[in-house]
Amino acid sequence: MRTVNGWDIDGQVQALVQKYPQLRDRVDPARVAEQQRTAVEAADSGDDFGTSAEGGRGESYVLAQQSIRTRMHGIDQLTDILTAHSRAESDIVLDLLGGDGLIDRVMSLLGKDRPLVITCDASPFMVEAAWDQGIGALRQRAEKLLFHDASVGGVLLAYGTHHIPVADRQRVADEAFRVIEPGGVFVLHDFPTGSPVDTWFSKVVDVYSATGHDHRHFDREETESYLCSAGFGDVQLLSMDDSFVVSGPTKEQAELELGRYLVNMYGLVGLVDEYGPEHGPRRAFELACDTFRYDGWEPARREVRVGYDAAQGAWTAAMPREALVGVGRKPTTTGDPA
C-alpha cells in the first residue's frame, strides 16, 4: 500500500509505472506536464466527490463502496461486454470515472481473467482513496487523457458519465478514440433520460444531497452519435441490468441496509437531517420503492424486491436499474467498420 498525493499527477505517473512497468511508454510526458500546470486552476471548478469540508460527498461515497458486492452484478456484465468486443492486442483498459477503484476491486473478487484496469478520476480525493487501498490511480480528466495515441486496449466510461458537461461529451469520445489502439473498444455506460434512475437523481439526490444533482443523462440517439462521430465502428446499443443487491439477517435489516447504502452512495444528508440517523435510511428505502419501477420487465426485476435467499442464508433486497451501454470498436484499417 502506498499513499500518493491526489494533486501530484507526475508523482502518480511515477508510482503507476513502478507498479505497472508496461505503462512506461504509454503515458505522454508533455500531456502530464500540461495537466500538472493547470491542476490548481481546475480546483476552482469544484469537486462533488471531494471531502465534506470541501462541499463534496466523497467520504460517504467511499464508505458505500466498501460494500463491494452491492454493484457486482452490473460491473461483472460491463467488463464482460468490454472484453467480448475487444480485438486489441493490449490488455490495458482506462476506467475514466474509476472513483476509488471499485471496478478493479470487483474484478479481483470475481477472480476471472481480466484486463489491467487503470483507475482514473478527476477528483484528487478519489485518486488518493484508491491508492490508500493499494489500487494504482491517476488524476486525469476524461476529455484530456494523458496517454499517447493508440496506446491502450480499451476505455470504460461508466458510473457518473452524466456528470460530464454536455459541451464536453463529444470531446470525451474523441479522446477515447485517440488513445485506443485499432481493434480496441470504447464502452459508454449511463442510465438513460426519463428512466427511474434519472427520476431518482432529479427528485431525490438533487433535493437531499449536499452537492445537488443538476446533470443531464444520456439518451440512445446521443450515445450512438458520440461513438459514430468519434470514428468508432460496429457501434451497438445495449440494455443492461445493473441492479443494487444487498443482504441482511432479517427482512427489515435487508431493507435498512439498502437504505443505508443509498444514503451513503448519494450523500443524502438532507434525509438524515430531516428524519434522523435511524429513520433516514428507512425513508431512502421507501423512496427507492416508489421510484424504481420498470413496467414491461419480467416481475423479478421490475421493482424493489426483498426475499429470502436460501443459498446465502440471508434476506436480500434488490433494487432494479436498467443501464444504457454504447459499445464501439476502433477500426483496424481505413474504411474497416471493425
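In this predicted model, strand 8 and strand 9 (residues 314–319) run antiparallel and are joined by five bridges, where strands are DSSP runs of E with at least two residues, helices are runs of H or I with at least four, and both are numbered from the N terminus. Within this pairing, Arg305 has Ala318 of strand 9 as its bridge partner. Two strands are taken to pair if DSSP finds at least two bridges between them, and on this basis three strands form an open sheet in the order 7-9-8 with antiparallel pairing. Strand 7 (244–248) and strand 8 (305–309) each have a single partner strand and stand at the edges, so one side of each is left without a neighbour in the sheet. Helix 10 (residues 251–266) packs on the sheet and touches strand 7, strand 8 and strand 9, contact meaning heavy atoms within 4.5 Å.

The lining of the largest cavity includes Tyr61, Arg71, Asp95 and Tyr159; a cavity is a set of points on a 1 Å grid over the protein atoms alone where a 1.4 Å probe fits but cannot get out, and lining residues have an atom within 4 Å of a point. By class, six nonpolar, three polar and three charged residues make up this lining, with Ala, Val, Leu, Ile, Met, Phe, Trp, Tyr, Cys and Pro counted as nonpolar, Asp, Glu, Lys and Arg as charged, and the others, Gly among them, as polar.

Residues are numbered from 1 along each chain as its sequence is written. Local features need pLDDT of at least 70, side-chain atom pairs count only at pLDDT 80 or more, totals for chains, interfaces and linings use all residues, and side-chain values use heavy atoms, with hydrogens and water left out.

Notes
1 Å grid on protein atoms, 1.4 Å probe; cavity = no way out; pocket = protein on both sides within 12 Å on 5 of 7 lines; lining within 4 Å. Axes fitted to C-alpha atoms, helices over the stretch in contact; angles between N-to-C directions.
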